[in-house]
Amino acid sequence: MTRVTLVTLATTLAFYRQNPLQALFVLVGLVLGCGLYTAVAQINASAEASYAEADQILGISAQWRITDRVSTEVAISDYIRLRRAGFTHFYPVIEKRLVSADGALISIIATDLLALPFTGGGVGSVDDSALENSPFGGDGWSRLTQPPYEAWVPSQTAARLAVTEGQQIRLREGKRLPPTVIRSQAQQRDQIFIDLGAALSLFETERVSYLAAPPLTEAEQQRFFDQFGSRLMLSKQSEALDLSQLTQSLHTNLTALGLLSFVVGTFIVFNAVNFSLHARQQAFGVLQDLGAARRAIVVAIATESLIWAVTGAVLGTLLAQPLSAALMPAVAATMQNIYGASVSSLPMFNTGLFWEALLLAFAGLSLALVLPLLRATAMSPNESNARDETLFSRQDAALAVVGLALLLLAYVCYPKASSVLQGFALLSLILFAGVALLPITVLSVSALSRTVIRRHWLARWALADVSHQFPHLRLAMMALLLTLIANIGVTSLVGSFRLALTDWLETRLSADFYVTAGVMETESLVGQDWIRAAHRRAVAERSYADRTMTVVGIDVDAPDFGPDSIIEATPAAFARWSVGGVGVDRVFANEQLKYLAGVEVGDTLELETELGLRPFEVLGFFHDYGNVNFSLYLPSERFKQLYASAEPQGWGIWVQDNQHAAAELGLSQLGLQPSQWVSQRDVLALSLTIFDRTFAITRALNALTLLVASVAIFSSLLAAYQFRRTEYALWRSLGMSWFGFFAVLGFPIVLMTAVVMALSLPLGFLLSWLLIHKINVISFGWTMPLVVATEPIVFLFVVVAMVVLAAFVLASMRQQVAVNDALKSLAGE
Amino acid sequence: MFKLKQVDKSFRDRGDVIHVARGLSWCMGSGESAALMGESGAGKTTLMNIIAGLDTVDSGEVLVDNVRIDRLNQAELTAFRRNHIGLIFQKFHLVPSLSAWDNAALQARLAGAFDQDFAAHLFDMLNIDHLAHRRPNQLSGGQQQRVAIARALMHQPQLVLADEPTGSLDEATSNAVIELLVSAASNAGATLVVVTHSASIASHLSHSFLLGSGSLAPAV
């Protein structure tokens, strides 16, 4: 670097020695933006690393999955038959999600350690060195596999459940897991690992969730189909649960929120950099007059940017560690609750993320610098000051045109968007259209208000000051608008979802009790006067359009499914469904079939039954939230004819009014253990708790983005005060009281914030509409009505008003002293 | 109109102590006009700030219209300045978002002393009535300074202080502006003090004083 450039760099950097606050804001913007983005990227990377290991269980290959065609769970007797038939590398797995006595969700995985195929000399072979090097090397495994057994609990799970070594975790039904050992293996993530024998005893079952198998040759696959294909189903682990595909919408959502945080952080940087360049304009002029070429100034500024970018990326990456550690448990809970995916709640760091943050920081700074730098070095101070007024108007008019163009583009692209990424691209068009339209909206409202308020000169002055404050606050207000649109959009989405889910669950879980399958016969229920109704469903699984199709047999008079459950249907559909059809069976389909497979009302599907291939006429659709598969509902009488070997599920029991206690007594008297029935009221409450936890990560990120936007407003106000200090000193020199002073300063901020809030409402609703009717449909194949609740939005606006007020008060606190000091140098400037 | 009694004022500049006033006494009566002259750095602006209540003294008394302004707190000073003093700056310091009319009316409105007829008369006298609706960036330097003069006089203060009011103007405009200022102040019965380097400007005023080494003496 030449001497000229070095001297130029030292001169330009000297600005920050005199204005440490500006340096702080550049850093804060970069650190917050990089930190939030990196935290989200780290969370996504950690989750995706877990998905990549989805075809492994505890370090062992699980490329294939074997389930029972009828009941899904595999009987131990079938497992034994498989081993005797030579399939010795199949191993049993029990996976369960339970609730502890304290109400915490726990995830359990159990397998037969001695059946695990450690690979070393080929598939299924046992290699001593592999065993020694495996997590199960040593003698600890013997205590795991023999009574009283052990429960291996990962440290993060132990911390969450507040359990220590030797303690037994108590389940809600009263049972206890084996004594805790704080230890974890590869791919165990947050799951508690116990021996299969312990699990079978604990859950009092003779069935396992599934059998897993390492890679199978074609000959082995064929032999399996020949010998066991009629009872058991062999599927690739990736077919059973394609986690990357399923979770794409959530990770894209998180990435979008992370990027939004980065953009908002960049706005802070924009502002600070803009101010610093403007304040150094005279210095640039002097440097050029003294012989520093424009190129040297540009290189100096670029070097300064690099220094900021590296510092921001380093500190941002450091900030991301505790941030992602705090947010990861919520993401892990979301993965578990929505997708059944097991993800560790400990985020993984990788250096690639640091370089990504550095690149983003440098790109953001470059964007922030390019235009102002070109202006600052190309024009004289007087010229640029004089042109600022004109440029402001032309620039904002151009932005308005861009905003309208973005909206038009979104309208044109809407029907064509067919992937999650395209859906989020639509969302970003809406967000940036709003941002582009903000300046012209603020100025128009201000101009309109001035025509209405002509008489009061102080009000006219305050309104006129909008056009002088807005250039300083423009970026901060844009950041606030982005944040509000995202907040309103997501709040409305979550609110609509909660309402729809509550309605749906209240119908679906309308039975007072659910009794586990196989523990109670129909005859037991006869004559029980506390029973109002008792129904059970039966399920058969088939395949349709490369996805699992669940055919469910339902009693036509079951209270948990009726005409109100149908969302789109032919006339008198429920009545027609109840009586059945001639030659073609009538079904209701879940809406996933409509959105993901293009099935419409009146269409006919062909499915395998035990009586051969049969046609099914779709009479209508029903909501089936959270189901990743297709589903058809068939009247139970007809279901029994078509799928005779399907085992019925458990009983849903509706109890007479005020007979809840009698019902519990009655169930006990029927010989049922407490673990064999569950109160559905508790399940409903738990489901809603899970729902709220599921969206905790989104709420957290929204709150953090609002915090970043408030920092942007605060820094902009400080910059504006500094920039206009001479003008403010003039006001005071003319005898303006502090009340009048802050009234003229404060009113434009009130107006700008009000315009931001007003603009965020329609755009926020548009965003939630897109989330519900486009992205949700693309991702999950179901939708729900958009219901706007006013309370959360009013609360959000109150929070924003308080945040803006706090920023204004904080920024104004030192102004009295600063302006009074400026009074002394007002004359003689 | 104002009286300075045994005023001391100094400040530090990188270790050096600069005495603006050492036992300085000065008084001027109502309706009088004076030029305050001296070398650069003598403290002319500081002295003017002291009289305007924009700066404080180390010791001594400062009376304006018989009020000890050196004993007033910030709020009282602001109110006093609002009602009794008009200020004119070298760089005009008009509010960019207000029209010429609103700029000129600003202090009078703050003081609750705005008189529409007097304002129109002042604009006519200063020959800026056709510029009333223009904004500062649409006015020349001379026009802006005339608006600033109107602002300083519109609330009919007892004292007008002008710091290098023609410093940013060319010679012809300077002469026109100073003539208007002296005439308008005289018509309003205000005491006028003008800080200036220029003997030509000083010649328009009834008295001239030279500030140097902390003391004030009549200029020859």
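In chain A, Val93(A) sits across from Tyr210(A), a residue of strand S12(A). The model is a predicted one, so to speak of local features pLDDT must be at least 70, side-chain atom pairs count only at pLDDT 80 or more, and totals for chains, interfaces and linings take in all residues. Residues are numbered from 1 along each chain as its sequence is written, chains are lettered from A and ligands numbered from 1 in the order in which they are written, and side-chain values use heavy atoms, leaving out hydrogens and water.

Back to the strands. S5 (residues 91-99) and S12 (residues 210-213) of chain A run antiparallel and are joined by 3 bridges; two strands pair if DSSP finds at least two bridges between them. Strands (E, at least two residues) and helices (H or I, at least four) are DSSP runs, numbered from the N terminus. S5(A) also runs antiparallel to strand S6 (residues 105-111) of chain A, this time with 7 bridges. One of the residues involved is Arg97(A), whose bridge partner in S6(A) is Ser107(A). S5(A) and S6(A) make a hairpin with 5 residues between them, and in its turn Gly103(A) has a positive phi of about 90°.

Next comes the meeting of the two chains. Here 28 residues of chain B touch 25 residues of chain A, contact being heavy atoms within 4.5 Å. Together the chains bury about 2,400 Å², with 61% of it on carbon and sulfur atoms. On the chain B side, His93(B), Ser97(B) and Leu110(B) lose the most area to chain A, together 21% of what that side buries. Buried area is the accessible area (1.4 Å probe) that two parts lose on being put together, summed over both.

The rule finds 1 salt bridge across this interface, a term for a side-chain nitrogen of Lys or Arg within 4 Å of a carboxyl oxygen of Asp or Glu. Asp102(B) forms a salt bridge with Arg460(A), with 3.1 Å between the closest N and O atoms.

Arg455(A) is found in the loop between helix H16 (420-452) and helix H17 (457-508) of chain A. Its relative accessibility is 82%, so Arg455(A) counts as exposed. Leu306(A), in helix H13 of chain A, counts as partly exposed because its relative accessibility is 43%. The cut-offs are under 20% relative accessible area for buried, over 50% for exposed, and in between for partly exposed (1.4 Å probe, protein chains only).
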